[in-house]
Amino acid sequence: MKRSIIISILTMIALPVLGGEADDQYKKGMEAVAKGDVAAARTAFTKTLRLKPDHAYARYQLGLLSQKEGDMISKRRSSQLTAIRIPALNMESVTLSEALEALDHLVLEQSKKADPKSAYSPNFMIRDPKNELGEREVSLRLKNVPAKVALDYLLEQAGGIARFDEHATVIRPAPQSASR
């Protein structure tokens with residue numbers, strides 16, 4: 001009898017601590033979702049459920065991860081490109097392929113300066129069944145701009161759009177509008 005009372009008291013004391021730790025893990029998971037870090041979010045929500053199996057919000061967010069994973073990865077890669085500033089970009093009458101190769105190099109160079117351990121390369125890849133997009137001519141002169149802004153300007157000139165996948169930034173022709 002005394003043993004069960006002691007266990008009950010210890011359980012009551014430990015539950016708020018576990019609940020607090022579970023809530024901390026849940027918050028870490030939500031921060032990871034905001035950053036687009038799927039792996040960290042999944043880990044945090046799983047830890048939350050290990051600590052507090054009835055944590056409904058963690059269970060719900062874990063379920064959403066499967067549905068939103070592609071969007072989150074895209075958001076993270078787009079954010080990475082936005083965070084990198086290009087000091088100067090001077091391209092005159094080059095093909096989109098050449099411009100993307102130069103931008104990829106500049107992004108990698110700037111990300112290495114910021115953090116050599118986690119250098120980032122957008123890995124541009126052109127997907128064009130007609131093989132015309134990469135040969136379109138572009139020109140650009142910009143100073144101190146986010147790499148994503150430079151990419152947007154290049155794609156606007158060439159008539160392309162970008163999709164941010166987990167391991168590459170896929171460039172393809174923009175859909176033709178009916179008004180053209």
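**Core packing and helix contacts**

In the predicted model, Leu151 touches Leu81, Leu100, Leu103, Phe124, Ala162, Phe164, Thr169 and Ile171, leaving aside residues up to four places away in sequence. Leu151 also belongs to the largest nonpolar core, a set of 27 residues. Within this core the most contacts are made by Leu151 together with Ile86, Leu96, Leu103, Val107, Leu154 and Ile171. At least two core residues each come from strand 1 (85-95), helix 4 (96-114), strand 3 (137-146) and helix 5 (147-158). Another core, of 11 residues, lies apart from the largest one and includes Ala32, Phe45, Met72 and Ile73.

Helix 4 comprises 19 residues and spans 26 Å from its first C-alpha to its last, close to the 27 Å expected at 1.5 Å a residue. Its buried residues are Leu96, Ala99, Leu100, Leu103, Asp104, Leu106, Val107, Gln110 and Ser111. The elements covering them include helix 3, strand 1, strand 2 (124-126), strand 3, helix 5 and strand 5 (169-173).

Helix 3 (residues 56-83) is also in contact with helix 2 (residues 38-51); the two axes come within 10 Å and cross at roughly 175°. Because this angle is over 145 degrees, helix 2 is roughly antiparallel to helix 3. Helix 2 contributes Val38, Ala41, Arg42, Phe45, Thr46, Thr48 and Leu49 to the contact, and helix 3 contributes Ala58, Arg59, Gln61, Leu62, Leu65, Ser66, Glu69, Met72 and Ile73. By class, the residues of this contact are 9 nonpolar, 4 polar and 3 charged.

Terms used: Residues are numbered from 1 along each chain as its sequence is written. This is a predicted model: local features need pLDDT of at least 70, side-chain atom pairs count only at pLDDT 80 or more; totals for chains, interfaces and linings use all residues. Side-chain values use heavy atoms; hydrogens and water are left out. Axes are lines fitted to C-alpha atoms, for helices over the stretch in contact, and angles run from 0 to 180 degrees between N-to-C directions. Helices (H or I, at least four residues) and strands (E, at least two) are DSSP runs, numbered from the N terminus. Angles under 35 degrees count as roughly parallel, over 145 as roughly antiparallel, 65 to 115 as roughly perpendicular and the rest as oblique. Contact means heavy atoms within 4.5 Å. Ala, Val, Leu, Ile, Met, Phe, Trp, Tyr, Cys and Pro count as nonpolar, Asp, Glu, Lys and Arg as charged, and the others, Gly among them, as polar. A nonpolar core is a set of buried Ala, Val, Leu, Ile, Met, Phe, Trp, Tyr and Cys residues joined through side-chain atoms within 4.5 Å. Buried means under 20% relative accessible area, exposed over 50%, partly exposed in between (1.4 Å probe, protein chains only). The expected span of a helix is 1.5 Å times one less than its number of residues.
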